[in-house]
2 protein chains.
Amino acid sequence: MALKLYDLCGQDRDLRFSPYCWRAKMALAHKGLAFETVPTPFTRIKEIEPGRAKSVPILEDEGGRVHDSFEIALHLEATWLDRPPLFGGEAGVAAARFVESWAFTSLHPVILRMIVKDIHDAAAEEDRGYFRSSRETRLGRPLEEAQQGVAALAGDLAKALEPVRRTLAGHAWLGGPEPLFVDYIVFGTLMWLTAIHGRLPLEPGDAVASWFERCLDLNGGFARQAPRRAA
Amino acid sequence: MALKLYDLCGQDRDLRFSPYCWRAKMALAHKGLAFETVPTPFTRIKEIEPGRAKSVPILEDEGGRVHDSFEIALHLEATWLDRPPLFGGEAGVAAARFVESWAFTSLHPVILRMIVKDIHDAAAEEDRGYFRSSRETRLGRPLEEAQQGVAALAGDLAKALEPVRRTLAGHAWLGGPEPLFVDYIVFGTLMWLTAIHGRLPLEPGDAVASWFERCLDLNGGFARQAPRRAA
């Protein structure tokens with residue numbers, strides 16, 4: 001049975017913008033696994049496993065379900081140890097956890113303020129009421145006021161990415177000589193922005209921008225083919 | 001010949017507060033190496049190797065000198081591969097570089113505003129003019145105004161440490177099952193604050209605080225014995 005990944009989608013069912021789903025898809029592709037995605041609007045997530053499922057990605061693997069992108073990567077690593085590593089041991093798991101938390105606290109708030117209204121507009125029609133009310137509660141104001149726009153915050157994003165840039169000054173990948181899940185964590189976050197905004201708003205000479213392009217080429221150019229919203 | 005480490009000191013020659021020197025000393029102790037430190041005021045660093053030496057730590061090893069705490073750790077790892085690892089391979093080096101840059105951009109500015117005037121007061125008398133003018137230029141105001149104090153910023157520090165806290169929720173050390181240089185990077189930064197302030201201003205129940213205590217116990221309790229300034 002093919003692996004099945006529940007993947008957040010927009011009104012355009014081919015528009016996939018969840019950072020966490022991108023992390024899981026890149027981890028599956030990294031292990032060379034065939035999988036199909038199930039396009040899932042926000043408000044349909046609860047139907048996948050009533051009483052439990054609150055977010056995607058969710059992986060269905062031989063009838064069992066794995067929730068959460070990091071758990072999915074750990075599950076794939078344990079199941080497919082003979083394939084290219086995603087972590088390379090417990091030290092690598094700890095390093096990835098650090099970067100996951102850093103991305104959540106340092107990158108996600110900036111990106112959310114770049115695109116929150118655009119996410120609303122791209123979301124499935126049935127999702128927009130839920131999305132607006134939950135995000136306006138979180139942000140404390142209307143989406144139209146909360147979104148400052150990409151141009152206004154591009155400098156903040158470039159600055160927040162400094163640890164990535166500095167690591168890439170000495171290494172091909174955040175994982176060192178080869179890409180690891182830690183690369184897909186940051187890549188997934190930037191694909192969230194890119195899918196909604198249409199492009200990554202970094203200077204072309206920025207080492208982070210060229211690393212992002214190399215990520216798009218990984219695993220048969222899997223992510224490069226993904227539809228983006230027009231900028 | 002014993003290894004020799006040039007180590008920043010205060011007016012009290014036993015007060016050692018440089019975060020970078022603490023990283024190097026912990027790396028040396030981790031490898032089980034005997035070493036002596038050379039207490040060095042800021043303004044004497046340039047005499048170590050005129051025309052080159054601009055900062056400490058500097059390690060003297062068999063007549064050769066290694067500058068910069070990260071370079072020292074890499075040098076020790078390459079020289080003493082049979083001793084406990086500091087990185088555990090290139091992926092670990094990349095992970096440590098990420099955390100080094102994160103600490104520099106996310107922790108150091110907060111801590112500097114906590115203690116910059118206190119560092120001045122603890123510095124060697126001959127260093128105080130240099131320290132004041134260089135830091136006032138960097139901060140754009142008098143040290144007396146720049147220092148907001150530990151109490152005012154303890155919440156910011158606790159918040160900035162979230163990626164450390166989250167990693168420690170699933171791992172004994174930032175390096176995973178055993179401490180690695182990545183632990184000493186963050187530890188060194190917090191020893192800077194602790195040496196000057198007298199104690200680490202985190203809630204006792206904070207996982208970061210208990211990890212810090214365990215770091216103090218490492219390598220024969222080496223860092224626990226270090227003099228601190230009275231709070």
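In chain B, the axes of helix 1 (residues 19–30) and helix 8 (residues 181–197) come within 7 Å and cross at roughly 140 degrees, where axes are lines fitted to C-alpha atoms, for helices over the stretch in contact, and angles run from 0 to 180 degrees between N-to-C directions. The structure is a predicted model, in which local features need pLDDT of at least 70 and side-chain atom pairs count only at pLDDT 80 or more, while totals for chains, interfaces and linings use all residues. Residues are numbered from 1 along each chain as its sequence is written, and chains are lettered from A and ligands numbered from 1 in the order in which they are written.

**Helix pair in chain B**
- At that angle helix 1 of chain B is oblique to helix 8 of chain B (under 35 degrees counts as roughly parallel, over 145 as roughly antiparallel, 65 to 115 as roughly perpendicular and the rest as oblique).
- Helices here are DSSP runs of H or I with at least four residues, numbered from the N terminus.
- Residues that make the contact include Trp22(B) and Met26(B) from helix 1 of chain B, and Phe181(B) and Trp192(B) from helix 8 of chain B, two residues being in contact if their C-beta atoms, placed from the backbone, lie within 7 Å.
- By class, the residues of this contact are 11 nonpolar, two polar and one charged (Ala, Val, Leu, Ile, Met, Phe, Trp, Tyr, Cys and Pro count as nonpolar, Asp, Glu, Lys and Arg as charged, and the others, Gly among them, as polar).

**Domains of chain A**
- Chain A is divided into domain 1 (3–79) and domain 2 (90–221), with bounds that come from an automatic or database domain assignment.
- The contact between them joins 20 residues of domain 1 of chain A to 21 residues of domain 2 of chain A.
- On the domain 1 side, helix 1 of chain A gives the largest share, eight residues.

- Chain A and chain B each bring 24 residues to their contact, and on the side of chain A the largest share, 12 residues, comes from helix 3 of chain A.

Key. Helices (H or I, at least four residues) and strands (E, at least two) are DSSP runs, numbered from the N terminus.
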